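Dear colleague,

Please find below the structure that I am handing over to you. My notes on its ligand site and its domains follow.

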Amino acid sequence: MAAATRVLARNWRGSYTVPAAGLYPHQWSWDSAFIAIGLRHISPRRAQQELDTIFSAQWADGRLPQIVFNPRLDVHYSPGAAFWRSERIPGSPPVPTSGLIQPPNHALAVLLVHQADPEASARRRFLPRAYERLLAWHGYLADRRTDPSGLVHVLHPWESGMDNSPYWDAPLAAIGETFRGDIPRPDLDHADASHRPSNAEYGKYLYLAARYRDHDCDDRDAGYPFVLEDPAVNALYARSEWALGRIAELLGNDPAPHADRAHALTEALETLWAPELGCYVARDVVSGELQPYRTVSGLAPLLIPDLPHTDELLTMLESEHFGLGQAALVPSHDLTAPTFDSSRYWRGPSWFNTAWLIAEALHERGFHDEARSLASQMADLGLEHDFPEYVDPISGEPRGTLRFSWTAALSLDLYE
Ligand code: DGY
């Protein structure tokens with residue numbers, strides 16, 4: 001507990017927490033929500049502030065940006081504020097941000113932070129303020145990012161939070177173009193190149209980011225080549241709609257529209273079910289093709305209360321593909337797949353945020369022993385290796401960077 005608290009104190013920047021000093025020197029959207037979930041045990045006020053800070057960077061259209069930049073550290077991260085130049089885009093906030101988004105886990109975090117100390121929340125009027133921001137955020141997703149299928153899409157691998165997932169291989173390969181400018185990789189000063197996405201992937205990442213930016217991030221670029229429906233993004237969105245319904249109720253508002261939306265998302269997720277793989281997969285909206293890979297994203301719908309394929313997902317979790325109880329935590333990709341890589345970012349390593357989500361889901365479904373054993377693995381691996389960003393699922397060895405904020409925060413959450 002003391003060690004995790006120290007990591008969070010060290011990464012605190014006065015009103016938000018950086019994911020890791022060095023590799024990620026700014027505020028990241030979904031990181032902050034996960035960090036707040038842990039911070040609520042140390043200081044509910046700091047947890048509220050973490051979320052308030054990301055909310056204060058909300059765009060006029062309701063989007064919560066992927067990254068809020070600290071301009072003083074711009075040379076240390078790429079692409080940064082100078083790449084995005086968000087200040088010239090109508091509707092951007094007064095602080096420099098990325099134009100992209102990240103998965104919508106914020107309502108889930110707001111509810112947990114509020115419940116940690118309802119009095120502290122009431123004193124600072126946290127919940128009504130957060131509710132307005134969340135309504136606008138979910139409104140943006142509903143209005144600007146929802147497909148005829150009823151699912152929301154991501155417009156960049158970064159928006160999924162799982163940058164180099166095998167889901168994106170074919171859609172990225174189908175894009176003929178790559179970024180023509182210099183591709184700085186300051187990330188490689190802080191993490192081994194074999195743990196990070198490749199230069200070829202970065203060429204595509206920057207090509208897409210530049211194209212999105214050059215259309216003023218307005219989501220209306222006909223022919224934009226990367227439009228993907230991701231299971232974890234939609235599962236978190238559905239889960240957050242449930243949380244938003246609860247928040248509405250606490251504030252005396254009608255929860256029904258949120259429950260309806262959650263139900264509609266759950267139903268729409270069925271279009272991503274791959275019976276032959278026994279899990280959900282992503283769909284490339286451009287080609288119409290499902291992306292036939294088992295990833296932890298495809299297990300994330302376990303978070304939704306009324307899911308039809310719960311038993312199949314539990315079987316999958318325990319199979320040789322994900323090795324629950326044998327592997328370290330939950331691998332990000334199928335252990336038996338030719339595309340599996342035990343070290344490289346989201347192509348195999350086990351992450352603590354997804355382990356936390358799966359532990360939550362197991363706990364809620366009454367699998368208390370399994371949830372507890374996952375939680376204690378998280379706590380042990382976190383402590384033993386100084387809170388790594390991710391671990392090799394076979395050896396349990398640390399990968400990426402160390403003293404990673406959500407690793408510390410979510411291990412803290414599990415001591416409770
Ligand atoms: C990175 O820089 O690797 C992040 O994942 C992008 O959000």
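**Ligand site and domains**

In this predicted model, a side-chain N or O atom of Trp 28 is 3.0 Å from an oxygen atom of the ligand, a polar contact being a pair of N or O atoms within 3.5 Å. The protein buries 95% of the 240 Å² that the ligand exposes when taken alone (Shrake-Rupley method, 1.4 Å probe).

The ligand is surrounded by Tyr 24, Trp 28, Gln 66, Tyr 77, Gln 102, Trp 158, Asp 163, Arg 196, Tyr 202 and Tyr 345, each with a heavy atom within 4 Å of the ligand.

The chain is assigned domain 1 (2-321) and domain 2 (322-416), with bounds from an automatic or database assignment. Their C-alpha centres are 19 Å apart. Domain 1 contributes 61 residues to the contact and domain 2 contributes 46 residues, where contact means heavy atoms within 4.5 Å.

Residues are numbered from 1 along each chain as its sequence is written, and side-chain values use heavy atoms, without hydrogens or water. As the model is predicted, local features need pLDDT of at least 70 and side-chain atom pairs count only at pLDDT 80 or more, whereas totals for chains, interfaces and linings use all residues.

With kind regards

Key: A polar contact is a pair of N or O atoms within 3.5 Å; within protein, one must be able to donate a hydrogen and the other to accept it, and residues adjacent in sequence count only if both atoms are side-chain atoms.
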